[in-house]
Amino acid sequence: MLIIKNAHELVTCRSLESGPNAGKNFSTCSVIKNGALVVDGEKIVAVGKTENILARFKKKWASRIFDASGKIILPGFIDSHTHLVFAGSRAEEYRLKLKGQSYKSLHKKKGGIHFTVGETRRASEDELFFQAKDTLERMFRLGTTTVEIKSGYGLTPEDELKILRVIKRLKKTAKQDIVATFLGAHTVPLEYQNNRSAYLKLIIEKMLPVVWAKDLAEYCDVFCDPLGFTAGETTAIFSEARRLGFKLRIHAEQTAHFGGAAVAARYKAASADHCDFLNDSDIGYLKKSRIPVVLLPGVLLHLMEWKKIPYFQETVKKIKKADVALALATDYNPGSSPVISMKLVADLALRFFRMDYQECLNAVTINAAYALNRASEVGSIEPGKQADILIVDALSMKDYFHGPGDGKIDYVIKKGLMNKI
Ligand code: NIG
Ligand code: FE
């Protein structure tokens, strides 16, 4: 048994009502001053004020007592949206972006996603594995204890399976809990540009059944966008995916309003991600179907989409007013967001979206856990949940989030195991 005591602030991020912390609960993440917690094996067994915890749990029961004086304790971060398995670098292409070319135009000129697809197809399974493993290790040191990973840079049955096998290997070896998502519907590959219906057929009739039969993904995602698939095509993919048993996620309204949020609501997707062009009716549908929105401010930073910022500030206000839950993720990928740090994502949301400290913290923990259907296991510091915990060198949560940058994490505890950083 491990007892951690005397934390200057223990921030639990527990759900205030059942479900994510949305609406009026969004700005509260339950702070216990001079907090303590008890971990037994992989799980948290008690949380409270240090004096109460020490009165209940005798010191002699503990194999380790950790004094967290002058530190804060947070739940591990949950990154619910990444494209972490890929090969090659888009650094050269970024030069063109710096000169003013748009993300869309780069993609249309066989760059963008197509470039990374070419590199990823050429890479061996081992190359992909070792690069992704390294990324996950860096993410872990930055406090990310649960990560969703999408395929989507293969776009042939063989190459998508290759990526999904890498994700399966990562699941067995990484410190984090990994959630696997099939994104064969990322974009129509170059060889099918003049026959997109054949690619759609390939996804529906070949890829989905094999991925499901081999148990390689829990979720099916679609990039519903002018650069990806129409709302009608998304519906066709979702129908078959749902019939097979996949849960659903979606890239919605990213480069234009394209109907993805409405499809997400109709198909009860686990979350609607990006949402750069969300309108009032979409917010209504998401509210009705209780679907969390996942915002990805790393994309705004990397693609320098400053003009979208006022729009996002308005959308965030509307989302909060509608009681729709909001989560944040990195969208880690080589093109639109080579960002691995959830702390940086929170820093950006604070400034770009004018979200409060507590809102940011709920959005990277408990609400992100809900967006992945993992809230009964992770996302908050509560008895019965997995002991995924950060010990941070800061006097308050506000101080930690106030300074942009990675902050100073002393320990990342994963399933009860303390990792010194
Ligand atoms: O989430 N939107 C589609 N996919 C990624 C970007 C992929 C890329 O540029 O390689 C995203 O932004
Ligand atoms: Fe994405």
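**Annotated binding-site residues in the predicted model**

The side chains of His83 and His81 are joined by a polar contact of 3.3 Å (a pair of N or O atoms within 3.5 Å; within protein, one must be able to donate a hydrogen and the other to accept it, and residues adjacent in sequence count only if both atoms are side-chain atoms). The model is predicted, and local features need pLDDT of at least 70, side-chain atom pairs pLDDT 80 or more, while totals for chains, interfaces and linings use all residues. Residues are numbered from 1 along each chain as its sequence is written, and side-chain values use heavy atoms, without hydrogens and water.

In an unreviewed entry, UniProt lists His81, His83, His251 and Asp331 under "binding site"; such annotations may be inferred rather than shown by experiment. These residues are spread over 251 residues of sequence but cluster in space, with a largest C-alpha distance of 12.0 Å. Of this set, His83, His251 and Asp331 belong to the lining of the largest cavity (on a 1 Å grid over the protein atoms alone, a set of points where a 1.4 Å probe fits but cannot get out; lining residues have an atom within 4 Å of a point).

His83 is buried at 2% relative accessible area (buried means under 20%, with a 1.4 Å probe and protein chains only). Beyond four places away in sequence, the contacts of His83 include Lys150, His186, His251 and Asp331 (heavy atoms within 4.5 Å).

Asp331 is likewise buried, at 1% relative accessibility. Not counting residues up to four places away in sequence, Asp331 touches, among others, Asp79, His81, His83, His251 and His274.

Key:
Chains lettered and ligands numbered in written order. 1 Å grid on protein atoms, 1.4 Å probe; cavity = no way out; pocket = protein on both sides within 12 Å on 5 of 7 lines; lining within 4 Å. Buried < 20%, exposed > 50% of the residue type's maximum accessible area, 1.4 Å probe, protein only.
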